[in-house]
Amino acid sequence: MPGSAMSEAPGPHGEAWRPSATREALRQRAELVERTRRFFADRGVLEVDTPVLQGGANLDSGVLPFRLELPGGPRFLPTSPEHPLKRLLAAGSGDVWTLAPAFRSQELGRLHSPEFRMLEWYRLGWDDTRLLDEVVALFASLTGAPAQLEVLSWREAFRRHAGIDPHSVDDQTLARVIGDDAAIVAGDRRAALDLVQVARVEPHLGIGRWTALVDYPAEASAQARLRTGEDGLQVAARFEVYRDGIELANGYHELTDAAELASRLEAELRSRSGGELHDQRFAEAMRAGLPDCAGVAVGFDRLVMLALRLPSVALTRAFAWERQ
Amino acid sequence: MPAINIGEVSKGTKLIFDNAPWLVLEVNYVKPGKGNAFYKMRVQNLLTRYTLEKTLRGGEKVEGADVTDTEMQYMYFDGSGYVFMDKTSFEQLTIPAKAVGDDKDFLLENMDVWVTLWNSEPISLRLPNTVTMEVDYTEPAVKGDTQSRVMKPAKLKGTGATVPVPIFVAIGDKITVNTQTREYSGRVLK
């Protein structure tokens, strides 16, 4: 659906005290939660609850946490349940999953809400490729759409849909592809490529099937390990899954090198000014050793939106952001 | 006006870009999974009514515009501008003919309209969607033919504007006119 991101976000109807979702939507949502629970129970993955008031902040590029001032010191709302889940893994929990509240400051739109539900799980001894198959199996079973998967490298997706090679494109060509908005990303190549990705590439992904974007550039590796890609370049062992131009999942073959992870988190913290603090217990757990594993985070509200064919995440939640 | 964080901008927010006030018609937040955030907005210039798409980066600050809508009653034309009265404060305000534009064709004395003020200065007005006007002059009516789509011009009382009307409409008839399309929408039965 090219251009659909610009269509007006249909919000909830009726008086502001009323729920945002219809009763039928809530019933179907509950059924999807139940099927998710059965999916993991059948596969021996342990369901866990994770805390909502974290001692330190998640430090994902471009994702801003809420900081709370509490009597015992600041706390941070999780932008994903990644930290407690990885601490469990480091402590020997084995495969774990959770459907947890997650919070991201300043994210609001048809596909975003500052408060949402994140489905996240980890598989011991798996890599990103094997996990990707499981993600698509779950999505197919929840939405009823066949598990037909297209795997596209990040580089190939840019070549095919934006007509540029993101690794070698010169600044003038990049500016020409962006058009009128080039000025706002001038001198910031990463931002310019992000803008091409959201405006030119993503609307074409996952049309009539599931599309996985893989082999992200090393600088967008987040907490994924690096490996040598097909064309000899260093790439991140990371995937994102799209359907109808909408990103649903972000998975990694997890980085287990504690020193490398600490230096990535340190660099991310230095680029920020929002009063974020390191999550010390998470850092200690990583030093104690994260076992080899693959993990994935899924925007559960988006998955419900897709399964129920609703036009916005607001209509999947009993009370959407505007009515909380 | 204070600077507003782009994250707080929503449909209906009024902002200053290039020294002009703009109304946000639509705003959508987009970002790749772990990357830079962008706000894609459709905005309308409140002076020219021109709309355009504008993209801003997450974390930016924007300047809010002091724009308010006030209900006012039209009183009279003073030769250079249209004089209105604020229905709550009873203060009078003159809107230059340029800001009223073609809306003058349907502006009748004592009519209630919404006036948009920017920094307390009037910049535009919004008429009711439908107004009732009396036909001052038109060619003689063709009686009985209420189905015909043939139209003829009719001059309206009070403003002198001309709109096309069906041929059964007679002088002295009261008709309703859509102020947005400037089209006849019906006859008020006597």
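Is R270(A) buried or exposed? R270(A) is exposed, at a relative accessible area of 61%. The legends below cover its salt bridge and others in this predicted model.

**View 1. Salt bridge between E266(A) and R270(A).** The closest N and O atoms of the pair lie 3.9 Å apart. That falls inside the 4 Å limit, so the contact counts as a salt bridge. Both residues sit in helix 7 (residues 258-270) of chain A. They are four residues apart, which means a separation of about one helical turn. E266(A) is partly exposed, with a relative accessible area of 32%. R270(A) reaches 61% and is exposed.

**View 2. Salt bridge between R67(A) and E69(A).** The two side chains meet at 2.5 Å, N to O. R67(A) has 34% relative accessibility, so this residue counts as partly exposed. E69(A) is exposed, with a relative accessible area of 55%.

**View 3. Salt bridge between E134(B) and K157(B).** The N to O distance between these side chains is 3.7 Å. This pair links distant parts of the chain, 23 residues apart. E134(B) belongs to strand 12 (residues 130-138) of chain B. K157(B) lies in the loop between strand 13 (151-156) and strand 14 (162-166) of chain B. E134(B) is partly exposed at 26% relative accessibility. K157(B) is also partly exposed, at 43%.

**View 4. A salt-bridge network in chain A.** Shared partners join E150(A), R155(A), E156(A), R159(A), R160(A), D165(A), R209(A) and D231(A) into one network. Over all chains, the structure holds 41 salt bridges.

Methods
Residues are numbered from 1 along each chain as its sequence is written. Chains are lettered from A and ligands numbered from 1 in the order in which they are written. This is a predicted model: local features need pLDDT of at least 70, side-chain atom pairs count only at pLDDT 80 or more; totals for chains, interfaces and linings use all residues. Side-chain values use heavy atoms; hydrogens and water are left out. Buried means under 20% relative accessible area, exposed over 50%, partly exposed in between (1.4 Å probe, protein chains only). Helices (H or I, at least four residues) and strands (E, at least two) are DSSP runs, numbered from the N terminus.
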